[in-house]
Amino acid sequence: MPWRACKPKVVALLIASVGKLSEWIAPPMAVSQSTLKLTAAIAPFEIFDELWHRTGIVEDATVLMTAFSSEDNGGSGNEEPVLLAKPFGEGRSVNLLLGHHTQAMEHPSFAAIFARSVEWAATEAVALVSQEPEHQSVP
């Protein structure tokens, strides 16, 4: 399928509605149990980033990671999705809702998830091995 035909579908592929952004916080990320190789060996971690809350998700997207959106920071009081995946035609798509700040993008867990997401979306395999410690905290 040519890009022009895909572009409108790709934009709304995983998120049904955009939620509100909360404060800059460091919530712990919870990695969902999934059969997808994308999140295998990814340990829970904390990251300083901006968390979206009350984000609508399309019906067939799989939530792979969440973060708690605390009401103390203007959040929803719920676990909110931060990593989603779904099939797209004969391929796959991934949406990582982290990386709003360079500090977040420099975090080893973010880098690992980003690289693994690209590899998984392109090939459905993940050869990249996680080099993460058991639990990452914000310095």
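Select arginine 92 and alanine 121: a polar atom of the arginine 92 side chain lies 3.3 Å from the backbone oxygen of alanine 121. This is a polar contact, defined as a pair of N or O atoms within 3.5 Å; within protein, one must be able to donate a hydrogen and the other to accept it, and residues adjacent in sequence count only if both atoms are side-chain atoms. The model is predicted, so local features need pLDDT of at least 70 and side-chain atom pairs count only at pLDDT 80 or more, while totals for chains, interfaces and linings use all residues. Residues are numbered from 1 along each chain as its sequence is written, and side-chain values use heavy atoms, with hydrogens and water left out.

**Stop 1: the surroundings of arginine 92**

From C-alpha to C-alpha, arginine 92 and tryptophan 120 are 7.8 Å apart in space, although 28 residues separate them in sequence. Leaving aside neighbours within four places in sequence, the contacts of arginine 92 (heavy atoms within 4.5 Å) are Lys86, Pro87, Trp120, Ala121, Ala122, Thr123 and Glu124.

Is arginine 92 buried or exposed? Arginine 92 counts as buried because its relative accessibility is 19%; buried means under 20% relative accessible area, exposed over 50%, and partly exposed in between (1.4 Å probe, protein chains only).

Next, select glutamate 124. Its side chain meets that of arginine 92 in a salt bridge (3.7 Å, N to O), a term that requires a side-chain nitrogen of Lys or Arg within 4 Å of a carboxyl oxygen of Asp or Glu. Arginine 92 lies in strand E9 and glutamate 124 in the segment after H3, so the pair ties together parts that are 32 residues apart in sequence. Helices (H or I, at least four residues) and strands (E, at least two) are DSSP runs, numbered from the N terminus. Glutamate 124 is partly exposed, at 47% relative accessibility. Its phi is near 70°, a positive value in a residue other than glycine.

**Stop 2: the other salt bridge**

How many salt bridges does a search of the whole structure find? The search finds two. To see the other, select aspartate 60 and lysine 86, whose side chains meet at 2.9 Å, N to O. Aspartate 60 is in the loop between strand E6 (56-57) and E7, and lysine 86 is in strand E8, so this pair links parts that are 26 residues apart in sequence. Aspartate 60 is partly exposed, with a relative accessible area of 44%, whereas lysine 86 counts as buried at 11%. As a general point, side chains of opposite charge can pair when their charged atoms come close.

**Stop 3: the hairpin of E8 and E9**

Show residues 79-88 (strand E8) and 91-96 (strand E9): the two strands pair in the antiparallel sense over six bridges. Strands are said to pair if DSSP finds at least two bridges between them. E8 and E9 form a hairpin with two residues between them, and glycine 89 in the turn has a positive phi of about 60°. Within this pairing, leucine 84 stands opposite asparagine 95 in E9.

**Stop 4: serine 70**

Move to the loop between strand E7 (62-68) and E8, where serine 70 is placed. Serine 70 is buried, with a relative accessible area of 18%. Its side chain reaches the backbone nitrogen of aspartate 72 at 3.0 Å. Apart from its neighbours within four places in sequence, serine 70 is in contact with Gly75 and Gly77.

**Stop 5: the nonpolar cores**

Select Met29, Met65 and Leu98. Of the 20 residues in the largest nonpolar core, these three touch the most other members. Such a core is a set of buried Ala, Val, Leu, Ile, Met, Phe, Trp, Tyr and Cys residues joined through side-chain atoms within 4.5 Å. Strand E3 (28-31), E7, E8 and helix H3 (108-123) each supply at least two residues of this core. A second, separate core of five residues includes Trp52, Ala61, Leu84 and Leu97.

Now centre on methionine 65. Not counting residues up to four places away in sequence, methionine 65 touches residues including Met29, Phe45, Val82 and Ile113.

**Final view: the whole protein**

Display the entire chain as a cartoon. The protein has three helices and nine strands, which run α-β-β-β-β-β-β-β-β-β-α-α from the N terminus on. Buried residues make up 43% of the 139 residues.
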